[in-house]
Amino acid sequence: MPRAQRERQMIEVAEVVFAERGYAAASMDEIAERVGVSKPMLYEYFRSKEGLLLACIREARAELRHVTEQAVVGAAGAEDAMRAGLHAFFRFIRDRRQAWSLVRHEITLVGTSAAEEIEATRQQQTDLIATLMSGYFDDSDTVRVEAAAEFVVGGCERLAIWCERYEDLSPETVTEYAMDLLWGGLQRLTSR
């Protein structure tokens, strides 16, 4: 199997094991067994269990950025772009539950490189939202735009955590909940 394909397989299996067991309880032995490779091969690719976790988080971050960026392409206006971006985020959370779980359970990772990667994911989304907003809103007050983007990221993260209690909520419904709460305040930025 080509190296890139094998690496992708290892990351996919590790994501499942980390989500099922938690980082601390997950073992490289189990991951290697599920992938069908030797434990030394995992270490050759990722150097450590934390290195494998970082690869999982980076992969999820790249995918999240891709789906949210693609969602807003061709948006008719700020409200349409916000709705499309939120919907892409909530769909990602539903479709990639295991990747979300890695971010969701960050408390066990405090002080690790993984915690830094998780924060980098938040910053990536904040930067993306701020850039998007500056294209639609009055961006002369860059601090206000940045504060609004931080608020959107934080609020949506908490809403995604809340959604875990309600399996039957669709990404469309949650997107509308978020828009109901966020859009009124964000819309005011257009008139500043």
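Predicted model: local features only at pLDDT ≥ 70, side-chain atom pairs only at ≥ 80, totals over all residues.

Trainee: How many residues does helix 4 have, and what should they span?

Mentor: A helix can be checked by its length. Helix 4 covers residues 49-72, which makes 24 residues.

Trainee: Which residue with a positive phi follows helix 4?

Mentor: That is G74, with a phi near 80 degrees.

Trainee: Is Q124 buried or exposed?

Mentor: Under 20% relative accessible area counts as buried. Q124 has 11%, so Q124 is buried. This residue belongs to helix 7.

Trainee: Which residues is Q124 in contact with, leaving aside neighbours within four places in sequence?

Mentor: Q124 is in contact with R61, L64 and R65. For the spacing of such positions, recall the general rule: an α-helix has 3.6 residues a turn, so residues three or four places apart point the same way.

Trainee: How many cavities of 30 Å³ or more does the structure hold?

Mentor: There are two. The second largest cavity holds about 40 Å³ of space.

Trainee: Which residues line the second largest cavity?

Mentor: The lining is made of A78, A81, M82, L132, M133, Y136, F137 and W183. Helix 5 (78-95) and helix 7 (113-136) are the elements that each give two or more residues to this lining. By class, eight lining residues are nonpolar, with no polar and no charged ones.

Technical notes:
Residues numbered from 1 in each chain as written. Heavy atoms only, no water. 1 Å grid on protein atoms, 1.4 Å probe; cavity = no way out; pocket = protein on both sides within 12 Å on 5 of 7 lines; lining within 4 Å. Points joined across faces, edges and corners; volume = space filled by probe spheres on them. Helix = DSSP H or I, 4+ residues; strand = E, 2+ residues; numbered from the N terminus. Nonpolar A, V, L, I, M, F, W, Y, C, P; charged D, E, K, R; others polar. Expected span 1.5 Å × (residues − 1). Buried < 20%, exposed > 50% of the residue type's maximum accessible area, 1.4 Å probe, protein only. Contact = heavy atoms within 4.5 Å.
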